[in-house]
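Student: Here is a model to go through. I would like each label set against its cut-off.

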Amino acid sequence: MPHEWMKLLAGALSLTSGVCADLSTQRCLAGDEECSGPELLASAISAENASSSELNLLQSAARQAGLPDPHKLGYKYMATTTRYGHTSLTSCGGLDTIKIVKGTGYYAVASAQNMQGDFERVSGSWCGKDGGGQGTAGMGCGTCGEGRFVYGHPQSYPMYVKKDAEIFKMTIKFIVIDTCTHEAGNLKWCEGKAGQPNSYGALNHLDFADPPPQFDHYYFAFSPTPCPAELKERFAAQSQCKR
């Protein structure tokens with residue numbers, strides 16, 4: 001991470017030793033140690049005495065580093081996204097990703113481990129409750145949301161679709177039916193602790209079982225929403241997890 005960007009971040013946020021609670025973060029800001037954007041963001045967010053206004057500034061700085069601003073699109077959170085394919089046995093009570101959403105217009109997703117919390121093991125399932133906090137959305141098993149894919153992705157290869165592609169015009173409704181755990185294969189995308197950004201600077205991540213056509217690892221602006229009655233009934237009937 002260029003030291004010029006770090007110093008700009010420090011100046012914009014007026015970071016003091018109170019916010020930079022540990023010495024390594026202070027050295028990072030001073031340019032004495034190498035550090036990445038996500039590491040800097042995580043250190044500052046985890047400082048115990050950081051106020052909510054400072055956290056908002058930190059999130060704003062993360063967006064300036066490459067993440068779109070979800071509020072400009074009318075949503076609360078921004079996430080990175082991936083695809084993992086359908087499965088008949090998820091961590092949210094053994095759900096089938098096809099059966100749970102068939103005919104509803106909803107997409108089945110796994111939310112990152114840091115978006116879940118208070119895991120309750122039931123017959124081999126994790127049954128993650130709503131987690132989140134410090135800029136990370138609380139999206140446990142059986143929660144729903146709504147959002148839109150945003151033109152752009154965090155990786156180095158070019159975009160292969162146009163800005164007016166249909167996928168960027170769609171309103172995407174989804175239900176969380178699985179967990180993207182912080183382990184081998186997911187480490188760059190799915191963090192384990194709330195407020196901890198992933199390798200691409202995002203505090204949230206959603207892994208789609210079967211995303212719409214033209215999908216790539218696009219950014220996704222979203223907000224949690226109540227689940228419709230039909231999905232609540234299906235979740236209660238098909239999952240071993242309880243909400």
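Student: Which strands do the buried residues of α5 pack against?

Tutor: The buried residues of α5 pack against β2 (106-112), β5 (144-150) and β6 (172-180). Contact means heavy atoms within 4.5 Å. Helices (H or I, at least four residues) and strands (E, at least two) are DSSP runs, numbered from the N terminus. This is a predicted model, in which local features need pLDDT of at least 70 and side-chain atom pairs count only at pLDDT 80 or more, while totals for chains, interfaces and linings use all residues. Residues are numbered from 1 along each chain as its sequence is written, and side-chain values use heavy atoms, with hydrogens and water left out.

Student: Which residues of α5 are buried?

Tutor: In α5 (residues 229-238), Leu231, Arg234 and Phe235 are buried. They are on the same side of α5 because they cover an arc of only 100° around the axis. That arc is taken from the directions from the helix axis to the C-beta atoms. An α-helix has 3.6 residues a turn, so residues three or four places apart point the same way. On the other side of α5, Ala229, Lys232, Glu233, Ala236 and Ala237 are exposed.

Student: Why is cysteine 92 called buried?

Tutor: Buried means under 20% relative accessible area, exposed over 50%, and partly exposed in between (1.4 Å probe, protein chains only). Cysteine 92 has 0% relative accessibility, so cysteine 92 counts as buried. Cysteine 141, at 3%, therefore counts as buried too.

Student: What makes cysteine 92 and cysteine 141 a disulfide?

Tutor: A disulfide is a pair of cysteine sulfur atoms within 2.5 Å. The sulfur atoms of cysteine 92 and cysteine 141 are 2.0 Å apart, and they form a disulfide. With -75° about the S-S bond, the link is left-handed. Cysteine 92 is in the loop between β1 and β2 and cysteine 141 in the loop between β4 (129-130) and β5, 49 residues apart. The structure holds four disulfides.

Student: Why is the disulfide of cysteine 127 and cysteine 241 called left-handed?

Tutor: The torsion about its S-S bond is about -80°, so the disulfide is left-handed. This pair links distant parts of the chain, with cysteine 127 in the loop between β3 (116-117) and β4 and cysteine 241 in the segment after α5, 114 residues apart. The S to S distance is 2.0 Å, and both cysteines are buried.

Student: What is the handedness of the link of cysteine 144 and cysteine 227?

Tutor: With 105° about the S-S bond, that link is right-handed. Its S to S distance is 1.9 Å. Cysteine 144 is in strand β5 and cysteine 227 in the loop between β8 and α5, 83 residues apart.

Student: Which residues touch the most other members of the largest nonpolar core?

Tutor: A nonpolar core is a set of buried Ala, Val, Leu, Ile, Met, Phe, Trp, Tyr and Cys residues joined through side-chain atoms within 4.5 Å. Of the 26 residues in the largest one, Phe149, Phe174, Leu206, Phe208, Phe220 and Phe222 touch the most other members. β1 (77-83), β2, β6, β7 (205-208) and β8 (219-225) each supply at least two residues of this core. Apart from it lies another core, of 16 residues, among them Cys92, Ile100, Tyr106 and Cys141.

Student: How many residues reach a pLDDT of 70 or more?

Tutor: pLDDT is the predictor's confidence in each residue, from 0 to 100. The mean is 81, and 73% of the residues reach 70 or more. Over residues 1-37 the pLDDT is below 50.
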